[in-house]
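Hi,

Here is the structure I said I would pass on.

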Amino acid sequence: MKPIETIMRTAPVIPVLVIEDVAHAVPVARALVAGGLRVLEVTLRTPVALDVIRAMRGVEGAIVGAGTVTDPMTLKASIDAGAEFIVSPGLTERLGEAAVSAGIPYLPGIANAGDIMRGLDLGLNHFKFFPAETSGGLPALKALAAPFHQCQFCPTGGITLQSAPDWLGFGPVLCVGGSWVVGKGAPDSAAIEAAARAAAALGGG
């Protein structure tokens, strides 16, 4: 099993996190891990994201990665900050080659057959289907997955606690990305842990 597949199989939902304040990093990570979601995607959408990754790495049981990685420079910065895996919204040869060369578990975003074929050329076969709902939803992914039987997916974008089971019921889907688990603002640890438990339960144990 490839390292990225191991990460994808750790929990049915990977929380997609936009953290605005480094002080929130550890409480959020602890609450998610306590609720059963150990794989955390910290998106590089805020100025403090790299510091958040560093802080979350100190939380026992957390597997912390960087999301919204769009070029080799951000890839290197993420790895230097301690990211254990990399997620990108799309896939370019330049970024893909840099990620493969770095030897880090990598989940590139795809939305069509050309994207998947570009990934396969790089030796990749685990992908983030993004943005999932606006790219045609589950019917689109089923159609895409048919000719690419060797590929496995993590749909992200517009997925909710209610719609996640439908996605997870499709064989090639190992997990889904979800931004619903953690709300904006100061973290409510009890609420985050409860949301994490509900999300973790989608895996059916």
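**What I found**

At 0% relative accessibility, phenylalanine 129 counts as buried (buried means under 20% relative accessible area, exposed over 50%, partly exposed in between, with a 1.4 Å probe and protein chains only). Before you go further: this is a predicted model, where local features need pLDDT of at least 70, side-chain atom pairs count only at pLDDT 80 or more, and totals for chains, interfaces and linings use all residues. Residues are numbered from 1 along each chain as its sequence is written, and side-chain values use heavy atoms, with hydrogens and water left out.

Back to the rings. The structure has two aromatic pairs; rings of Phe, Tyr and Trp (its six-membered ring) pair if their centres lie within 6.5 Å, and planes under 30 degrees apart count as stacked, over 60 as edge-to-face and the rest as tilted. One is phenylalanine 127 with phenylalanine 153, tilted, at 6.3 Å centre to centre and 35° between the planes. That pair links distant parts of the chain, since phenylalanine 127 sits in strand 6 and phenylalanine 153 in strand 7, 26 residues apart.

Phenylalanine 129 is in strand 6 and tryptophan 167 in helix 8 (residues 164-168), so the pair ties together parts 38 residues apart in sequence. Tryptophan 167, at 2% relative accessibility, counts as buried.

Helices and strands here are DSSP runs (H or I, at least four residues, for helices; E, at least two, for strands), numbered from the N terminus.

Now helix 6 (residues 113-121), where Asp115, Ile116 and Gly119 are buried. They cover an arc of only 95° around the axis, which puts them on the same side of helix 6 (the arc is that of the directions from the helix axis to the C-beta atoms). The buried residues of helix 6 pack against strand 5 (106-110), strand 6 (126-129), helix 7 (137-145) and strand 7 (152-155), with contact meaning heavy atoms within 4.5 Å. Just after helix 6, glycine 123 has a positive phi of about 85°.

For the whole chain, there are nine helices and eight strands. Of its 205 residues, 50% count as buried. The C-alpha trace spans about 45 × 35 × 30 Å along its principal axes.

Cheers
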